[in-house]
Amino acid sequence: MVQRVGRNDPCPCGSGRKFKKCCIGPPGPTAALVEEGTSDRWKIELKNFRKFGGALGRDVLNAFCRCFVHADRLNSMVSFAHVSQQHYGSDSVAFGRDLQTMVWFTIGTLRELALAIRDLRGALARRGILDPDSDPWKRLRVIEDRWEGDEFFRRMRNIAAFHVDKEIIDKGLDELVGERDVVLSHGEGPKMVRSSLPLGQEALSNGLGIDLATYGRFLDKVSDDHGAAGTAIQEAFGLAARRVGIQFGDE
């Protein structure tokens with residue numbers, strides 16, 4: 001008589017793991033779209049993640065995860081700006097401050113994303129599963145080339161986003177000393193959360209020495225890359241999975 005092995009019993013292969021987490025696992029990695037009940041919530045589950053990671057490669061999976069972190073941060077910037085606008089109002093001091101912050105945090109994140117995209121492209125190429133002519137990779141190369149290869153865009157991150165260069169501030173202060181009066185802070189009511197310290201931003205803006213037309217074109221590119229990143233990364237992940245024979249999505 002053949003003895004049945006329970007899902008929670010030790011696996012007969014001797015691995016020391018439970019049967020359900022070892023040899024009873026699904027025959028191969030898959031990714032499945034799961035809709036949660038009658039709501040609009042959904043998720044994509046990676047079935048048999050051990051084999052999934054083995055098929056893609058740890059270096060590829062690592063680079064994708066870094067891209068996912070940055071893509072989520074970019075999406076959060078949009079959410080934060082929307083919440084701020086709804087909470088404080090479009091003409092409020094606080095929303096103006098938050099919008100400026102969102103722009104510069106987005107710039108810094110796009111630069112970091114470009115580095116992760118470069119590493120991801122290299123990892124996929126080494127494994128022979130990069131499709132550089134695919135639509136998602138055309139969009140991702142635009143982001144990588146702009147924020148990694150273009151000196152102007154790279155410099156904007158390095159001197160004014162996460163890091164605020166003191167020499168740039170000095171230049172801005174030199175411009176401001178010609179003004180009779182400058183605003184240190186302003187707000188609406190006594191709470192600091194509804195206030196801003198515009199002297200810093202004024203010094204930064206003047207120190208960068210960029211005219212309004214150039215700054216406007218710069219922000220247009222920031223907006224373009226902000227909107228393109230998340231979708232392109234998800235599509236590139238699905239493409240890579242298919243290239244190694246993994247069934248993905250609702251196929």
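Predicted model: local features only at pLDDT ≥ 70, side-chain atom pairs only at ≥ 80, totals over all residues.

Residues are numbered from 1 along each chain as its sequence is written, and side-chain values use heavy atoms, with hydrogens and water left out.

So, the layout. We've got eight helices and five strands in the chain; those are DSSP runs, H or I of at least four residues for helices, E of at least two for strands, numbered from the N terminus. Going along the sequence, the pattern reads β-β-α-α-α-α-α-α-β-β-α-α-β. The chain has 251 residues, and 35% of them count as buried, meaning under 20% relative accessible area with a 1.4 Å probe, protein chains only.

Now the core. A nonpolar core here is a set of buried Ala, Val, Leu, Ile, Met, Phe, Trp, Tyr and Cys residues joined through side-chain atoms within 4.5 Å. The largest one holds 48 residues, and Phe-64, Leu-113, Leu-124 and Trp-147 have the most contacts inside it. Helices giving two or more residues include H2 (58-88), H3 (93-126), H4 (135-149) and H8 (212-243). Which helix gives the most? That's H3, with twelve residues.

Have a look at Phe-64. Leaving aside residues up to four places away in sequence, Phe-64 touches Leu-120, Leu-124, Ile-233, Ala-236, Phe-237 and Ala-240, where contact means heavy atoms within 4.5 Å.

On to the helix pairs. H4 and H8 pack at about 135°, axes 8 Å apart. Axes are lines fitted to C-alpha atoms over the stretch in contact, and angles run from 0 to 180 degrees between N-to-C directions. H4 and H8 are therefore oblique to each other; under 35 degrees would be roughly parallel, over 145 roughly antiparallel, 65 to 115 roughly perpendicular, and oblique is the rest. Among the residues that meet are Trp-137, Ile-143 and Trp-147 in H4 and Phe-218, Ala-232 and Leu-239 in H8.

Last pair: the H1 and H2 axes come within 6 Å and cross at roughly 100°, which makes H1 roughly perpendicular to H2. Phe-49, Gly-53 and Leu-56 of H1 make the contact with Arg-58, Val-60 and Leu-61 of H2.

That's my tour, thanks.

Technical notes: Buried < 20%, exposed > 50% of the residue type's maximum accessible area, 1.4 Å probe, protein only.
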